[in-house]
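Dear colleague,

Please find below the sequence and the structure that I am handing over to you. My notes on them follow directly after.

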Amino acid sequence: MASSDQAVVTEFFAEGHDHSACREAALAAAEAICRTRGMRFTRLRRRVLELIWDRDYPVKAYELLEQLRGERSGAAPPTVYRTLDFLLREGFIHRVESLNAYIGCGDPGHAHPVQLLVCRHCYKVAELADDDVARLLQQKAYARGFAVDAAVVELEGVCPRCGG
Ligand SMILES: [Zn+2]
Ligand SMILES: [Zn+2]
Ligand SMILES: [Zn+2]
């Protein structure tokens, strides 16, 4: 298998994909990682991660806020944004900059390069963590005297199910 195939973290889901299995696996992984790192996986942290994994497309912060407002008092916007920052920092979710939204990471808790394929029809996202791509970009940037400290690459296009 080519290394580029091994770099796929999240595929575009096929028809009939059971996303609840992904959700359960992601929550269990987050819980285990928090335990290992000595951090609390609070009810709100769990709930926000659940809400992100409930969907199989990127979720906007205001959608999370609306949903939480309906079920929980005290989940004020700053609290929810802090929770999102926590989930981002620990590598449980990624921010899709072009959509201003969040997705669950298919390989949570590991530092890895992030390349997102964003479908412009259904807004579903596949995630790659390709070291070759990251290295090439870093070399090109470095050659211009630019020190890269964060790189989220987003490609816009059409996914297989939408006929890409
Ligand atoms: Zn899934
Ligand atoms: Zn990831
Ligand atoms: Zn699509």
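The notes below go from the overall architecture to individual strands, helices and residues.

Residues are numbered from 1 along each chain as its sequence is written, and chains are lettered from A and ligands numbered from 1 in the order in which they are written. Please bear in mind that this is a predicted model, in which local features need pLDDT of at least 70, side-chain atom pairs count only at pLDDT 80 or more, and totals for chains, interfaces and linings use all residues.

Confidence. The mean pLDDT of the protein chain is 91, and 94% of the residues score at least 70; pLDDT is the predictor's confidence in each residue, from 0 to 100. Among the elements, helix H1 (residues 3–6) has the lowest mean value, 56, whereas strand S3 (residues 101–104) has the highest, 97.

Overall architecture. The protein chain contains 6 helices and 6 strands, where helices (H or I, at least four residues) and strands (E, at least two) are DSSP runs numbered from the N terminus. Read from the N terminus, the order of elements is α-β-α-α-α-α-β-β-β-β-α-β. The radius of gyration is 17 Å, close to the 15 Å that the globule rule gives for 164 residues, so the chain is as compact as a globular protein of that length. That radius is taken over C-alpha atoms, and the globule rule is 2.2 Å times the number of residues to the power 0.38. Along the principal axes, the C-alpha trace spans about 50 × 40 × 25 Å.

Of the 164 residues, 25% count as buried. Here a residue is buried if 20 or more other C-beta atoms lie within 10 Å of its own, exposed if 12 or fewer, and partly exposed in between, with C-beta atoms placed from the backbone. Of the contacts between residues at least 6 apart in sequence, 56% join residues at least 24 apart; a contact requires C-beta atoms, placed from the backbone, to lie within 7 Å.

The four-stranded sheet. An open sheet of 4 strands has the order S1-S5-S4-S6, with mixed pairing; two strands pair if DSSP finds at least two bridges between them. Strand S1 (8–10) and S6 stand at the edges with a single partner strand each, so one side of each is left without a neighbour in the sheet. Neighbouring strands of this sheet are turned by 25° against each other on average, direction ignored. Strand S4 (residues 114–119) and S6 run parallel and are joined by 6 bridges. Leu117 has Leu155 in S6 as its bridge partner, and Cys119 stands opposite Gly157 in S6. Strand S6 (residues 152–157) is hardly covered, with 0 buried residues among its 6.

Asn100 is exposed, with 11 other C-beta atoms within 10 Å.

A second residue with positive phi. Tyr123, a residue other than glycine, has a positive phi near 65°. Tyr123 is found in the loop between S4 and strand S5 (125–128). With 15 C-beta neighbours inside 10 Å, Tyr123 counts as partly exposed.

Helices. The axes of helix H3 (residues 43–54) and helix H5 (residues 77–89) come within 10 Å and cross at roughly 75°. H3 and H5 are therefore roughly perpendicular to each other. Axes are lines fitted to C-alpha atoms, for helices over the stretch in contact, and angles run from 0 to 180 degrees between N-to-C directions. Angles under 35 degrees count as roughly parallel, over 145 as roughly antiparallel, 65 to 115 as roughly perpendicular and the rest as oblique. Leu44, Arg45, Val48 and Leu49 in H3 meet Thr79, Val80, Thr83, Leu84, Phe86 and Leu87 in H5.

In helix H6 (residues 131–143) lies Gln139, which counts as exposed with 10 C-beta neighbours inside 10 Å. The C-alpha atoms of Gln139 and Ala129 are separated by 17 Å, and the two residues are 10 apart along the chain.

With kind regards

Conventions. Contact = placed C-beta atoms within 7 Å.
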